[in-house]
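Have the coordinates open as you read.

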Amino acid sequence: MSFVNSAKYIVMDFCFQELYKGEKMLLQSKEIFERHVKTHTQRSAEDASAVNTLETFLDFDGRVNCDFSKRDKWPNTDGYFELVPDPDLNRRPVQTFFVQIKGTHNYTEKDGILKYSLQSLAFPAFIATNTTFDPGILFVVLNSDVKGKKRVFWKYMSVEFINSVDFNKDSTTISFTADEEIFDTEESVISFCKKLESKIVS
């Protein structure tokens with residue numbers, strides 16, 4: 001391996017040490033990640049509806065300030081949000097999170113575990129290549145066009161999660177636990193924000 005290539009991987013590892021507190025390093029090469037990173041990803045009607053649902057769920061007290069897109073404005077992501085843990089004390093954001101928002105009716109649920117097939121690895125690959133120094137979150141919105149059946153799940157793009165994905169393939173199945181569901185309530189949004197705070201590097 002050349003000195004230049006070695007330096008690239010040293011820089012990549014350093015960036016992840018700064019971003020991910022106490023987590024392991026990436027186990028797959030940057031070239032494998034870059035194979036999945038796209039210029040723009042195609043939007044579906046389900047995804048656009050999911051954006052509306054997610055914005056409604058997170059619209060509470062200014063803790064989560066969203067800038068999401070329904071029309072493929074950004075490559076590989078659907079925008080971002082800024083986290084303000086306690087807007088009554090300070091409205092200055094403490095962290096920006098890039099997001100991908102997927103809407104679906106296709107999933108399975110058994111023994112408290114929900115499974116969803118992510119058909120493109122562009123977003124986790126985008127986060128893994130250190131294109132941005134901000135962390136990423138995948139949101140999956142179920143039944144966004146069915147009143148009373150809407151549900152929101154989230155997955156933090158940790159180094160551990162990225163290492164669990166086989167980027168030699170074109171898709172992956174993601175498992176969500178009950179702890180990764182956001183309900184349309186004040187208490188649930190506050191709980192979500194507190195979980196995010198624990199992932200921020202101080």
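Let's begin with a single residue pair: in this predicted model, Leu 83 has Gln 95 of strand 3 as its bridge partner. That contact belongs to the pairing of strand 2 (residues 79–83) with strand 3, an antiparallel arrangement joined by four bridges. Strand 3 also pairs with strand 6 (residues 136–142), this time in the parallel sense and over seven bridges. Within strand 6, Val 141 is the residue that stands opposite Gly 103.

The two pairings are set out here.

| Strand pair | Sense | Bridges |
|---|---|---|
| strand 2 (residues 79–83) and strand 3 | antiparallel | four |
| strand 3 and strand 6 (residues 136–142) | parallel | seven |

How many of the ten residues of strand 3 are buried? Ten of the ten, across residues 95–104, so the strand is largely enclosed by the rest of the structure. In a regular strand, side chains alternate between the two faces of the sheet. Here both faces are covered: Gln 95, Phe 97, Val 99, Ile 101 and Gly 103 are buried on one side, and Thr 96, Phe 98, Gln 100, Lys 102 and Thr 104 are buried on the other.

Helix 6 (residues 186–197) has twelve residues, which should span 16 Å at 1.5 Å a residue; the end C-alpha atoms are 17 Å apart, which agrees. Its buried residues are Ser 188, Val 189, Phe 192, Cys 193 and Leu 196. These cover an arc of only 140 degrees around the axis, which puts them on the same side of helix 6. The face turned away from that buried side carries the exposed residues Glu 187 and Lys 194.

Note on methods:
Residues numbered from 1 in each chain as written. Predicted model: local features only at pLDDT ≥ 70, side-chain atom pairs only at ≥ 80, totals over all residues. Heavy atoms only, no water. Buried < 20%, exposed > 50% of the residue type's maximum accessible area, 1.4 Å probe, protein only. Helix = DSSP H or I, 4+ residues; strand = E, 2+ residues; numbered from the N terminus. Pairing = 2+ DSSP bridges. Expected span 1.5 Å × (residues − 1). Arc of directions from axis to C-beta.
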